[in-house]
Amino acid sequence: MAAGGRSFDTWLVSGALGVAGLLALHSAVPNGIGRLGSLLETFLPWLGAAVPVLACAALVLRSWAGLLACLAPGTVWLWMFGGVWFSSPPGPYNLTVVQHNVADDNADPAGTARALLATRAGLIAVEELTPAARPVYQRVLDASHPHRAVHGTVGLWSAYPLSDVRPVDIRPEGFPESWRRALRATVSAPGGRIAVYVVHLPSVRLGPTGLASAARDESATLLGARIAADPAGRLLVVGDLNGTVQDRGLSPLTSRLHAPPSGFAFSWLAGLPVARIDQVLARGAEVTDVSALEATGSDHLPVLGRVLLR
């Protein structure tokens, strides 16, 4: 074999094994500098895109060693995400919830409200609800969802009675008291009573120093502690968490909740969805399916969750 052929083999095998290692050992990537671990976990499923690229390169270069090495990341990806991608039809459910970051600069709040209403979900949760847009949502939603709870920029419209409505303080240190982005309410749903949290965690930014997510992580820790102390037997957390369920920065919260097994349901960005940062998570109930819906006037897609209350 020529030296150039051996070089191609080395690069392709190294690349394939590197992708397999990042997939399988993503939790070993340090988060101390630039939160690289969280950044990797945000887009973790997309590492699978490297497999066909490497395989095609191996075919073109006739690198059989490289082609064989592609089996490693392909197998790891299927082990991690194959059950999500090739999921079975939705299981039984008796409660539906649609959650949507409606965007504070949404030019068509009425159209967005009508789109949420058209889902026929029993619960409609929204984030980035502005004082100017709130009356618009009320006009569209109140007739069919007469039970309403709003705190700051988050809101919940329900077809079922609400009780024990209260604000939830998840402000990171240094944030003003006007920052109000979480509420809790008890819903008397057909399948029984369930506590519902509507939340919007702080935004993250990607810059030269990496992923700036310290405030979001702090807020997730505060919310996780609140969830842990909540005596409710059945509980939902819906909202814009500004992170995927794989992101370790959210683990103080997500480790206490059940994530739906089916569908990637990428919700952000609306024009080119690359990650699901809008979540429907449960404790003491089962989220049997989650799906992303068609775009509205927001930069997020609405997410519909089907929930089984036993």
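Student: In which sense do strand 7 and strand 10 pair, and over how many bridges?

Tutor: Strand 7 (192–200) and strand 10 (235–240) pair in the parallel sense over 6 bridges, and in that pairing Y197 stands opposite V237 in strand 10. Two strands count as paired if DSSP finds at least two bridges between them, and strands (E, at least two residues) and helices (H or I, at least four residues) are DSSP runs, numbered from the N terminus. Please keep in mind that this is a predicted model, in which local features need pLDDT of at least 70 and side-chain atom pairs count only at pLDDT 80 or more, while totals for chains, interfaces and linings use all residues. Residues are numbered from 1 along each chain as its sequence is written, and side-chain values use heavy atoms, with hydrogens and water left out.

Student: ok, and how does strand 6 pair with strand 7?

Tutor: Strand 6 and strand 7 pair in the antiparallel sense over 8 bridges, with T186 opposite A195 in strand 7, and a hairpin of 2 residues joins the two strands.

Student: What's the order of strands in the sheet?

Tutor: The sheet is open and has 5 strands in the order 5-6-7-10-11, with mixed pairing. Strand 5 (162–167) and strand 11 (278–283) are at the edges with a single partner strand each, so one side of each is left without a neighbour in the sheet. From one strand to the next, the twist averages 15°.

Student: How is strand 5 joined to strand 6?

Tutor: Strand 5 and strand 6 (residues 182–189) run antiparallel and are joined by 4 bridges, and P167 is found opposite L183 in strand 6.

Student: Back to strand 7, is it mostly covered or mostly exposed?

Tutor: Strand 7 is mostly covered, since 8 of its 9 residues are buried, where buried means under 20% relative accessible area, exposed means over 50%, and partly exposed is in between (1.4 Å probe, protein chains only).

Student: Which helix lies across strand 7?

Tutor: Helix 8 (residues 214–229) lies across strand 7, and also across strands 5, 10 and 11, running at about 170° to strand 7. Axes here are lines fitted to C-alpha atoms, for helices over the stretch in contact, and angles run from 0 to 180 degrees between N-to-C directions.

Student: New topic: which residues of helix 7 are buried?

Tutor: In helix 7 (residues 134–141), the buried residues include V136, Y137, V140 and L141. They cover an arc of only 110° around the axis, which puts them on the same side of helix 7; the arc is that of the directions from the helix axis to the C-beta atoms.

Student: And what do they pack against?

Tutor: They pack against helix 6 (109–117), strand 2 (123–127) and strand 4 (154–158), contact being heavy atoms within 4.5 Å. Helix 6 and helix 7 pack at an angle of about 35°, with their axes 9 Å apart.

Student: Last one, is H100 buried or exposed?

Tutor: H100, which is found in strand 1 (residues 95–101), is buried, with a relative accessible area of 0%. Not counting residues up to four places away in sequence, H100 touches several residues, among them T112, L116, L301 and P302.

Student: What about A292, what is its relative accessible area?

Tutor: A292 lies in strand 12 (residues 286–292) and is partly exposed, with a relative accessible area of 30%. Leaving aside neighbours within four places in sequence, A292 is in contact with A265, F266, L301 and P302.
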